[in-house]
Amino acid sequence: MSVDLATVKRVARLARIAVTDEDAERMTGELNAILGFVEQLNEVDVAGVEPMTSVTPMAMKKRQDVVTDGGKAADIVANAPASAENFFLVPKVVE
Amino acid sequence: MTDLTRLTIADARDKLRGKEITAGELTESYLAAIHAANDTLNAYVTVTPDRAREMAKASDARLARGESGALEGIPLGIKDLFATEGVHTQACSHILDGFKPRYESTVTANLWADGAVMLGKLNMDEFAMGSSNESSYYGPVVNPWRRSREEPSLMPSTHMGEGGFVHSGGGVTQARTLDNMRLVPGGSSGGSAAAVSAFLCAGATATDTGGSIRQPAAFTGTVGIKPTYGRVSRWGIVAFASSLDQAGPIARDVRDAAILLKSMASVDDKDTTSVDRPVPDYEAALGRSVKGMKVGIPREYRVEGMPEEIEALWQKGIAWLKDAGAEIVDISLPHTKYALPAYYIVAPAEASSNLARYDGVRYGLRVPGRDIVEMYEKSRAEGFGREVKRRIMIGTYVLSAGYYDAYYLQAQKVRTLIKRDFENVFDSGVDVILTPATPSAAFGIADEDMAADPVKMYLNDIFTVTVNMAGLPGIAVPAGLDGHGLPLGLQLIGRPFDEETLFQTAHVIEQAAGRFEPEKWW
């Protein structure tokens, strides 16, 4: 399989990365090189093979459903580019 | 006074406890070495002298009271991927500009609890994506090793002495001059490997998703171990591909790597993939005989176009282990060639999900836009470098509607087969597998072939990536120099949670091969 320019632009949109036409053009070639490289996986017979979900066989650890942390709003917004009264500030999303 | 930066961790530990030196003196020696070298090598992106002096002072106070942790007073460098409270933590990406976490990663917290001293944060490929440390926002790291201009006779066995003979990049033959060409230290943990090799820290933390500890270790003549998946907590480490990422140390020798891993590893409730098993005393495994041990040699690792020197090094490793009493057996890992292509689906898929969090809202870089979507798109376009964008794009594509089964599901099935190959070999009684660590020695910065074709760069990880796909432990240990006087490494792969056998066997190789140091030019 290979991708065309329109697909690359659509994927960039899905990934929320702004691309210029020039970027998209270059990425099309690069992505096709990588997709060409991974193509060989199709020759592997995977009939009856389960996809890997966990590399180490183990039951997922669960913790008690209790509050163990919190009260750190100031810490959480400390690195935000814009915040006010412990809220993150973003451009207006509702008209 | 002797140069304290030359001491291994084990030696420094003894001298500190014996009150021959102080943590303050040791730390000052490293800070001076970093100050003199970093403009040239670019191994550190931030140096934390105040923090280092404060920690060393506290160590000296504890040592004076006769208390000492496993790493008391030992100065370490920390890869920029580990969250360090109040200190530069940016995964060497522009998108994390100014990020100073309000928390400490479990690994670094473990090190500080054992008395280690932080010197600063080490350079790396952006978000750990790369094999040359050239994708860092902070520029490439320069390998302390250089090619020598004349063909030296460094491979012969006459100098490969018994027991800890130290080879210097220029000390063996006299008529050699170093080439000025700047070489990469490998990646993604290039800063860690270069800093350890150039005596700018006693040891360093690193991470390995497809070879990012072992490949730079091999390129710099240092020892690097990627532990079993789940052995070291991932909490507080910036995530790249969560099912593959694992932290480990880069050190000057096998013993130091064992000492560091003991402190880094732990059982951690904050990481659900952290495995509930006690951490053994890895150092105790050194010196145990390998007599009767079964060492597997996988035929699929003899790849097309592999330089003769790599093959010769491999044969030498086989001979050393045979001489030490190990039994050598030929084995087959039939799905080896599919590990790298499967990796380039699984890793970008996980990365595209993990890196969705960088949106210009909660931390780091924000580029304003007309609306919130344009702000996301512009922030991510400016904040991520080329390689990172490439991988996010591949990941987004293979996970997108209509392609998930063809790519991601197929790759995860192939991954099951890769793991099964290893299980079959270990079930047949093989204790450890010996392979080359990399298909070549260090290459030049801005190598044109690598820059022109991303897949060519990816091939650096051909011998290491299988280990991540199967979640196994792997160690890279220096084993010789190539015709240009550059270090080459061998890799040992073990059963899950059998790091002890890796340290035991790597120590035998180290004893036979000697240790390797670059000639100082910086």
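Predicted model: local features only at pLDDT ≥ 70, side-chain atom pairs only at ≥ 80, totals over all residues.
**View 1. The eleven-stranded sheet of chain B.** The sheet is open, its pairing is mixed, and its strand order is β1-β3-β2-β5-β7-β6-β11-β12-β10-β8-β9 (chain B). At the edges stand β1 (44-47) and β9 (327-331) of chain B; each has a single partner strand, so one side of each is left without a neighbour in the sheet. From one strand to the next, the twist averages 30°.

**View 2. Pairing of β5 with β7.** Strand β5 (residues 203-208) of chain B and strand β7 (residues 246-251) of chain B run antiparallel and are joined by six bridges. Within this pair, B:T207 has B:A247 of β7(B) as its bridge partner. B:T207 is also among the residues that B:S212 touches.

**View 3. Positions annotated as active site in chain B.** An unreviewed UniProt entry places the feature "active site" at B:K79, B:S188 and B:S212. These positions are spread over 134 residues of sequence but cluster in space, with a largest C-alpha distance of 11.4 Å. B:S188 is in the loop between β4 (166-168) and α5 (190-197) of chain B, while B:S212 is in the loop between β5 and α6 (214-220) of chain B.

**View 4. Surroundings of B:S188.** B:S188 has 35 other C-beta atoms within 10 Å and is therefore buried. The peptide bond that leads from B:G187 to B:S188 is cis, with omega near 5°. Apart from neighbours within four places in sequence, the contacts of B:S188 are B:M124, B:D125, B:A128, B:M129, B:G130, B:N133 and B:S212.

**View 5. Surroundings of B:S212.** B:S212 counts as buried because it has 36 C-beta neighbours inside 10 Å. When residues up to four places away in sequence are not counted, B:S212 touches B:A128, B:G187, B:S188, B:S189, B:A206 and B:T207.

View 6. Phi is near 55° at B:F127, a positive value in a residue other than glycine. At B:N133, also a residue other than glycine, phi is positive as well, near 60°. B:F127 has 31 C-beta neighbours inside 10 Å and so counts as buried; B:N133, with 35 such neighbours, is buried too. B:N133 is one of the residues in contact with B:S188.

**View 7. The interface of chains A and B.** Contacts link 39 residues of chain A with 53 residues of chain B. On the side of chain A that touches chain B, α1 (5-14) and α2 (21-38) of chain A each supply at least two residues. α2(A) gives the most to this side, with seven residues. By class, the side of chain A that touches chain B holds 30 nonpolar, three polar and six charged residues.

How values were computed. Residues numbered from 1 in each chain as written. Chains lettered and ligands numbered in written order. Pairing = 2+ DSSP bridges. Helix = DSSP H or I, 4+ residues; strand = E, 2+ residues; numbered from the N terminus. Axes fitted to C-alpha atoms, helices over the stretch in contact; angles between N-to-C directions. Contact = placed C-beta atoms within 7 Å. Nonpolar A, V, L, I, M, F, W, Y, C, P; charged D, E, K, R; others polar. UniProt positions renumbered as here; feature names shortened; annotations may be inferred. Buried ≥ 20, exposed ≤ 12 C-beta atoms within 10 Å, placed from the backbone.
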